[in-house]
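Let's take a friendly walk through this structure, one part at a time. Have the 3D view ready and follow along as you read.

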Amino acid sequence: MDAVALEERAATLAKRSIKRESKLQALDLAIRMMDLTTLEGQDTPGKVAALCAKAMRPDPVDSTVPAVAAVCLYPNLVEGAKERLAGSGVKVASVATAFPSGQLPTKLKVAETRAAVELGADEVDMVIDRGAFHSGRYSKVYDEIVQVKEACGDAHLKVILETGELGTYDNVRRASLLAIAAGADFIKTSTGKINPAATLPVTLCMMEVVRDVYHETGRKVGIKPAGGIRASKQAVQYLVTLYETLGSEWMTPDLFRFGASSLLNDVLMQIRKEKTGRYQSGDYFTID
Amino acid sequence: MAQLEKRASSAPAPLEWEYAPAPEARDIVEIRERYGLFVGGEEMEPRSSEWFESISPSTEESLFEVALAGAEDVDLAVSSARGAFEDGWAKLAPSERAKYLFRIARIIQERSRELAVAESLDGGKPIRESRDVDLPLAAAHFFYYAGWADKLEYAYPNRTPRPLGVAAQIIPWNFPLLMLSWKIAPALACGNTVVLKPAETTPLTALIFADICRQAELPPGVVNIVTGDGTTGGHLVRHDGIDKLAFTGSTEVGKLIMRELAGRDVRLTLELGGKAANIVFDDAALDQAVEGIVNGIYFNQGHVCCAGSRLLVQESICEPLLEKLKRRMSTLRVGDPLDKNTDVGAINSKAQLDRIT
């Protein structure tokens, strides 16, 4: 990877000017691609209930606003969310494998994954073992993903690379290939617990891997930037990058997700602004 | 709930996305019907009484009429430059000259949107490039050379740098304002005065620059701008009142100029065309190499003196590289130069289009 050219390309794509109907389309799609996330020690069943309600009907006064793709939670909260979301089409994603550090014995990670799936998770967001990666034990990273994938059964597996800890774009590329080879359905940038989380260049780097894999093998892998995407403008920049890197085939929640918590409200505000011509105060949107 | 279920059951179809037009507003530039020559700090009707049209290459619309300077006009411009040189510009304290250049740099920054739109309208380059490349660089050149004006003695220890006199400068159409800055800023910083001839197809930003000189209260005659075609350039080259000639443009014309100046006491700088090669080896980061190739050849529609018009690739990666390159090229957005999402704007003129197609 060449960092200068990669970052320059990302900066150029970020300058695209997306207006009017194309902006509305992008914002609508951004919601349909969103994994509405809460990953806090203080999460309660009540908070999750509120989150689920918001996931299904993000804007209570505008029924044309679509539901999000999924909610993303800790395993303990999966069961409650599953009940709330039954029949809505909104998926439940659970983090697993000793999120966010990944520093647990493999068998416990596999057991955690199995438990999350048994509790009803449709999707599993696992973290790779960065300690193993950095010490050159790539086969351990690989084997672990293979085992977790097996434990997932029918659940979709997203593999979090935690790019903020990988140091270089070359490492991001290597980790992406490793995860895809081991069976990842999605590769995901970050846990959201480390700074920097998702950035446009890092996501572009992962998209290029996905594109290479698609051209080599015909297999389509999804991408999920997560963490730090708070503004509609950023979301649109990611969609532009996706569109110009992987094309319209990837412009679907099946192949692209945003991991975000506060992004949704900003998107709702922007949609309302585009539709009414006026900015609303943040007070008119629910906090959770 | 029924509504939600309905939504969930329909499989998400990928979005066929189109970017809505995002044109930069063009009313920021006030284009007059007619522009005369800029000589001695004032606008002047051409003695030649000849005018020609400046055409926007993207729409072929006629933008304005501009003077075609004849021999007499060029003579007036050169004597005006000579007068300004002798009347004090050369003797002005370097730090004072620097003040004028700093002032011009700041005005370019202040009027950068206007200049960027004018550049794209008159020359066809995408607004993305005139806004993000040409204008910031043009201002930066004036700032840079302003800083040099009072430091020349330190650059050449034990020598006394002194101005040459009147610099005749002929510039091309690919980076009209940037080329102007490249030529005018160092000449003024060193205490010379200037007669500049912008390219026939792209005089607009030079004419706005004339206004900037007035706005900066630059002493009359320090910068003179004579518009016209090749014949005007010929008059300037042949004029015996010039001390220096700087030309950026075609190798063909460069040779003519060199012949013309042979045996004359006129210093010469030529910056001529040359096409460059991209060389890609198998250990390159391919996706980024593709970016380099695309920037090398499509930046400014390829209107670049060092454009990477040749591609040499190691055999083992030839196929994947070409595939990536083709895919990347299919994403280039060709269109209205004033649209903020346009990557490739208009070829500079009908004549140039005919030449390359």
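## The sheet in chain B

In this predicted model, chain B has an open sheet built from three strands, in the order 1-5-4, with mixed pairing. Strand 1 (34-35) and strand 4 (51-56) of chain B stand at the edges; each has a single partner strand, so one side of each is left without a neighbour in the sheet.

Look next at how strand 4 of chain B meets strand 5 (residues 61-67) of chain B: the two run antiparallel and are joined by six bridges. To find one of these places, pick out B:W51, whose bridge partner in strand 5 of chain B is B:A67. As a general point, strands of a sheet pair through backbone hydrogen bonds, and they may do so in parallel or antiparallel fashion.

## The sheet in chain A

Now turn to chain A. Here you can trace an open sheet of eight strands in the order 7-6-5-4-3-2-1-8, with parallel pairing. Which strands stand at the edges? They are strand 7 (222-224) and strand 8 (258-260) of chain A, and because each has a single partner strand, one side of each is left without a neighbour in the sheet. From one strand to the next, the twist averages 25 degrees.

Inside this sheet, strand 5 (residues 156-160) and strand 6 (residues 186-188) of chain A run parallel and are joined by three bridges. A:I160 has A:K188 as its bridge partner in strand 6 of chain A. Helix 7 (residues 138-152) of chain A packs on the sheet, where it touches strand 4 (123-127) and strand 5 of chain A. The direction of helix 7 makes about 150 degrees with that of strand 5 of chain A.

## Where the chains meet

How many residues of each chain are in contact with the other? The count is 44 residues of chain A with 34 residues of chain B. Between them, the two chains bury about 3200 Å², 49% of it on carbon and sulfur atoms. On the chain A side, A:R9, A:R16 and A:Y243 lose the most area to chain B, together 16% of what that side buries.

Five salt bridges are found across this interface. In a salt bridge between the side chains of A:K15 and B:D132, the N to O distance is 3.1 Å. There are also 18 residue pairs in polar contact between chain A and chain B, counting pairs with both residues at pLDDT 80 or more.

The elements of chain A that give two or more residues to the side touching chain B are helix 1 (3-14), helix 2 (20-32), helix 9 (200-217) and helix 10 (232-246). Helix 2 of chain A gives the most, with seven residues. By class, the side of chain A that touches chain B has 16 nonpolar, twelve polar and 16 charged residues.

Notes: Residues numbered from 1 in each chain as written. Chains lettered and ligands numbered in written order. Predicted model: local features only at pLDDT ≥ 70, side-chain atom pairs only at ≥ 80, totals over all residues. Heavy atoms only, no water. Pairing = 2+ DSSP bridges. Helix = DSSP H or I, 4+ residues; strand = E, 2+ residues; numbered from the N terminus. Axes fitted to C-alpha atoms, helices over the stretch in contact; angles between N-to-C directions. Contact = heavy atoms within 4.5 Å. Buried area = accessible area lost by both parts, 1.4 Å probe. Salt bridge = Lys/Arg side-chain N within 4 Å of Asp/Glu carboxyl O. Polar contact = N/O pair within 3.5 Å; in protein donor to acceptor, adjacent residues only side chain to side chain. Nonpolar A, V, L, I, M, F, W, Y, C, P; charged D, E, K, R; others polar.
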